Amino acid sequence: GPYETERVANLAVSAGAQVKKGDPLFTMSTTLLDRARDEATARIAQLEAQVQNLQAAMSRPEQIAVLQAALERAEAALQLSRADYDRQRALYAKGHVAKAALDRAKMALARDEASVEEARRQVQASRMASRSQEIEAAEANLKQARAQLDALNIRIKRQNVLAPAVGAVTLGTLLMAAQG
């Protein structure tokens with residue numbers, strides 16, 4: 001008999017027919033299993049793409065170029081802040097500017113130094129490969145999805161019922177097959 005209850009899709013024998021071991025008897029419908037297989041196949045494609053993305057050692061060149069440009073902009077701002085701070089410090093030492101002007105220049109210098117450091121770290125991070133644990137988890141998910149697809153393919157194959165031995169097909173056998 002069939003492994004799973006479903007409708008008979010194809011009856012390969014009739015009452016009174018003689019069959020040998022392994023001859024096809026009937027095939028059950030696999031509509032729901034086919035849908036599950038399609039879903040599993042799509043999930044595998046998604047997980048394969050995820051693994052490939054995680055395994056990529058570097059981000060896309062365009063992303064790195066944008067981050068590199070931000071670093072260069074931050075470095076230019078730092079040069080300007082450093083020059084302004086040096087100028088304000090010299091003027092303050094001569095008594096030509098207030099302490100507040102020197103403090104503002106010092107704060108701008110510190111801000112721009114931090115911006116350069118942040119931009120450098122972003123460029124470095126964009127060039128790093130994903131963590132190995134993330135890759136291993138994604139590969140494990142992919143392995144699990146492939147195993148699920150294999151199981152579905154086995155279930156679908158089992159919906160093709162073959163004669164277990166040499167014999168004659170009886171009306172009772174056909175009725176049992178039709179009832180699933």
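Which residues is Ala119 in contact with, leaving aside its neighbours within four places in sequence? The legends below take up this question first, in a model that is predicted.

**View 1**
Leaving aside neighbours within four places in sequence, Ala119 is in contact with Ala70, Leu71 and Ala74. Ala119 counts as buried, at 7% relative accessibility, and belongs to a nonpolar core of 10 residues that also has Leu71, Ala74 and Leu109 among its members. Between Ala119 and Leu67 there are 6.9 Å in space, C-alpha to C-alpha, although the two are 52 residues apart in sequence.

**View 2. Packing of helix α2 against helix α3.**
Two packed helices are described by the angle between their axes and the distance between the axes. For α2 (residues 61-93) and α3 (residues 99-127), the angle is about 160° and the axes lie 8 Å apart. Angles over 145 degrees count as roughly antiparallel, and α2 and α3 are therefore roughly antiparallel to each other. The crossing in which α2 passes α3 is left-handed.

**View 3. The largest nonpolar core, with Ile44 and Leu142.**
This core has 13 residues, and those with the most contacts inside it are Ile44 and Leu142. Helices α1 (31-55) and α4 (132-157) each supply at least two residues of the core, and the largest share, seven residues, comes from α4. Once its neighbours within four places in sequence are left aside, Ile44 is in contact with Leu142, Ala145, Arg146 and Leu149. The core of 10 residues that includes Leu71, Ala74, Leu109 and Ala119 lies apart from this one.

**View 4. The open sheet of three strands.**
The strands follow the order β1-β3-β4, and their pairing is antiparallel. At the edges are β1 (8-11) and β4 (160-162), each of which pairs on one side only, while the twist from one strand to the next averages 20°. Strands of a sheet pair through backbone hydrogen bonds, either parallel or antiparallel.

**View 5. Bridge partners along strand β3.**
Strand β3 (residues 24-28) pairs with β1 in the antiparallel sense over three bridges. Within this pairing of β1 and β3, Phe26 is the bridge partner of Leu11, and Thr27 is the bridge partner of Asn10. The pairing of β3 with β4 is likewise antiparallel and runs over three bridges; here the bridge partner of Pro24 is Leu162, in β4.

**View 6. Gln159 in the loop between α4 and β4.**
Gln159 has a relative accessible area of 1% and is buried; the cut-off for calling a residue buried is under 20%. Not counting residues up to four places away in sequence, Gln159 touches Tyr3, Glu4 and Glu6, together with Phe26, Thr27, Met28, Ser29, Thr30 and Leu33.

How values were computed: Residues are numbered from 1 along each chain as its sequence is written. This is a predicted model: local features need pLDDT of at least 70, side-chain atom pairs count only at pLDDT 80 or more; totals for chains, interfaces and linings use all residues. Side-chain values use heavy atoms; hydrogens and water are left out. Two strands pair if DSSP finds at least two bridges between them. Helices (H or I, at least four residues) and strands (E, at least two) are DSSP runs, numbered from the N terminus. Axes are lines fitted to C-alpha atoms, for helices over the stretch in contact, and angles run from 0 to 180 degrees between N-to-C directions. A nonpolar core is a set of buried Ala, Val, Leu, Ile, Met, Phe, Trp, Tyr and Cys residues joined through side-chain atoms within 4.5 Å. Buried means under 20% relative accessible area, exposed over 50%, partly exposed in between (1.4 Å probe, protein chains only). Contact means heavy atoms within 4.5 Å. Angles under 35 degrees count as roughly parallel, over 145 as roughly antiparallel, 65 to 115 as roughly perpendicular and the rest as oblique. A crossing is left-handed if the near helix is turned anticlockwise from the far one by less than a right angle, and right-handed if clockwise.
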